[in-house]
Amino acid sequence: MTFRKRTVSGGTGTLFTRRSALKIATGTAAASLLGAPALVRAQSGPIKIGHLTPMTGFLGTLGGWAVDGASLAVEEINAAGGVAGRMIDLMSEDSINPENGATKAQRMLEQDGADFILGEISSATSLAISEVAARNEKLFIAVGPRSDVLRGERCSPYMFCTDIPNTVMVNSVGTSLKQQENIAGKKFFTLTADYVFGHDLLTAAKAFFDRNDSELIGDELIATDVTDFSPFILKIRQANPDYVCLNLAGNQVTNFVKQYAEFGLPYPMIGFNLNTADAWAAGTGNLSGTWPTVWLHTLDTPESKAFVERFQTKYGKIPENHAWISYIAIQIMAKAMQETGGAATPELIEYLESGSEFDIMKNRPAYFRAEDHQLVQEAYAFSVKEEGTYDDVHDMLSLSDPVPAADQPLTTIYPSVENGACKLPA
């Protein structure tokens with residue numbers, strides 16, 4: 001299948017799309033049908049979304065938040081009449097590992113009638129699901145994986161990524177550290193999750209250290225099932241760094257910071273990956289430093305505050321970042337289906353590549369970059385408040401201003417696509 005991207009040049013150039021070509025080729029009757037309201041040409045029956053996310057294992061806690069966020073979005077959309085005259089049927093299942101995720105994606109598309117797949121947090125499982133989606137020529141909306149590889153050499157015309165990539169997380173924290181003059185001449189010791197996400201994050205971190213005249217004096221790759229971090233903490237003490245930098249994932253972060261606090265080492269922590277559920281789980285007095293995030297419940301916009309209130313009303317708890325990003329991913333797809341009149345894959349791809357903007361409750365709208373299918377949006381850093389300045393663990397994080405600054409293009413913090421590895425069909 002060939003995908004032709006929408007191009008606009010100076011307001012006077014040619015706007016040629018796959019849909020317009022179809023209208024010309026099939027004559028007046030078809031053109032009339034395509035010009036009809038979405039509701040008229042809607043298909044019957046519910047739109048089925050195959051939702052895969054880890055509900056067990058080291059990312060299992062995060063997957064629970066993802067299910068809550070996606071479910072709330074579907075509930076609200078259906079209560080408002082659905083999309084294109086059809087209700088949404090969300091089928092949520094546990095993706096235990098890459099093999100299990102791929103098998104379930106295949107079954108959802110071939111047997112359960114899923115119109116597309118949405119979800120996942122693990123970068124490794126996302127790569128496996130992406131291959132299944134491509135073979136079936138169906139969309140995969142990758143909600144939580146952060147590896148740059150998914151937007152680079154392993155990108156796919158059928159995959160769109162909504163979370164910020166590793167490079168953006170590094171740049172978000174790095175901007176804060178540079179403002180504090182805590183980069184140049186400093187020595188870092190990194191601990192890295194030993195799978196594709198961690199490897200990719202370490203590559204981005206090394207590039208950042210090199211650009212900013214800092215030194216990486218030690219790095220340890222850590223398997224995701226490791227629970228005793230004492231051997232690594234002893235290596236940190238021997239290395240005597242200026243900063244301990246965490247490139248860990250899921251409950252690895254929580255387990256490490258608790259044990260690190262027990263050792264009482266003087267080296268401050270920073271990190272290039274942390275989900276707020278893991279920060280809360282670390283508890284009062286264990287976590288410190290500066291970290292990146294795609295969203296935090298304290299974000300001061302009317303839309304974000306309203307979402308937090310609705311989520312608390314339904315679930316009786318504050319939403320975590322994976323609840324938010326799953327919620328907005330469903331809302332993005334609802335808008336795309338409403339605009340295209342259904343869940344047909346070619347039309348959805350064309351729409352998402354068109355540069356259409358989406359309100360994702362931040363100061364600036366987001367849009368998908370056609371070249372690599374990355375949702376371009378603001379990011380943030382947050383720091384942990386001094387112990388004793390807050391009463392509740394949900395209040396211990398202080399959010400930065402958006403990154404990049406309001407007068408800079410959003411793409412400033414994203415990997416360049418001009419010479420990038422992603423080669424989508426032209």
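**Cavities, sheets and cysteines in the predicted model**

In this predicted model, 2 cavities of 30 Å³ or more are counted. The largest cavity has a volume of about 100 Å³, and of the 14 residues that line it, those closest to its centre are Leu59, Ile121, Tyr195, Phe197 and Asn273.

Four strands form an open sheet with parallel pairing, in which the order is S7-S6-S8-S9. From one strand to the next, the twist averages 25°. Within this sheet, strand S6, which comprises residues 187-193, is paired with S7 in the parallel sense over 7 bridges, and phenylalanine 188 is found opposite leucine 216 in S7. Two helices accompany these strands. Helix H6, formed by residues 196-211, lies across S6, S7 and strand S8 (243-247) and runs at about 165° to S6. Helix H7, formed by residues 230-239, likewise lies across S6, S7 and S8, and its direction is also at about 165° to S6.

A further open sheet is built from 3 strands in the order S10-S14-S15, with antiparallel pairing. Its edges are taken by strand S10 (290-293) and strand S15 (397-399), each of which has a single partner strand, so that one side of each is left without a neighbour in the sheet. Neighbouring strands of this sheet are turned against each other by 35° on average when direction is ignored. The pairing of S10 with S14 is antiparallel and extends over 4 bridges, and threonine 293 has tyrosine 380 as its bridge partner in S14. On the other pairing, strand S14, residues 380-384, is joined to S15 in the antiparallel sense over 3 bridges, with phenylalanine 382 standing opposite leucine 399 in S15.

As to the cysteines, the count comes to 1 disulfide, which is formed by cysteine 155 and cysteine 422, with their sulfur atoms 2.2 Å apart. The angle about the S-S bond is 95°, and the link between cysteine 155 and cysteine 422 is right-handed. Cysteine 155 is located in the loop between strand S4 (140-142) and strand S5 (159-161), while cysteine 422 belongs to the segment after S15, and the pair therefore ties together parts that are 267 residues apart in sequence. Both cysteine 155 and cysteine 422 are buried.

Terms used. Residues numbered from 1 in each chain as written. Predicted model: local features only at pLDDT ≥ 70, side-chain atom pairs only at ≥ 80, totals over all residues. Heavy atoms only, no water. Pairing = 2+ DSSP bridges. Axes fitted to C-alpha atoms, helices over the stretch in contact; angles between N-to-C directions. Contact = heavy atoms within 4.5 Å. Disulfide = S-S within 2.5 Å. Buried < 20%, exposed > 50% of the residue type's maximum accessible area, 1.4 Å probe, protein only. 1 Å grid on protein atoms, 1.4 Å probe; cavity = no way out; pocket = protein on both sides within 12 Å on 5 of 7 lines; lining within 4 Å. Points joined across faces, edges and corners; volume = space filled by probe spheres on them.
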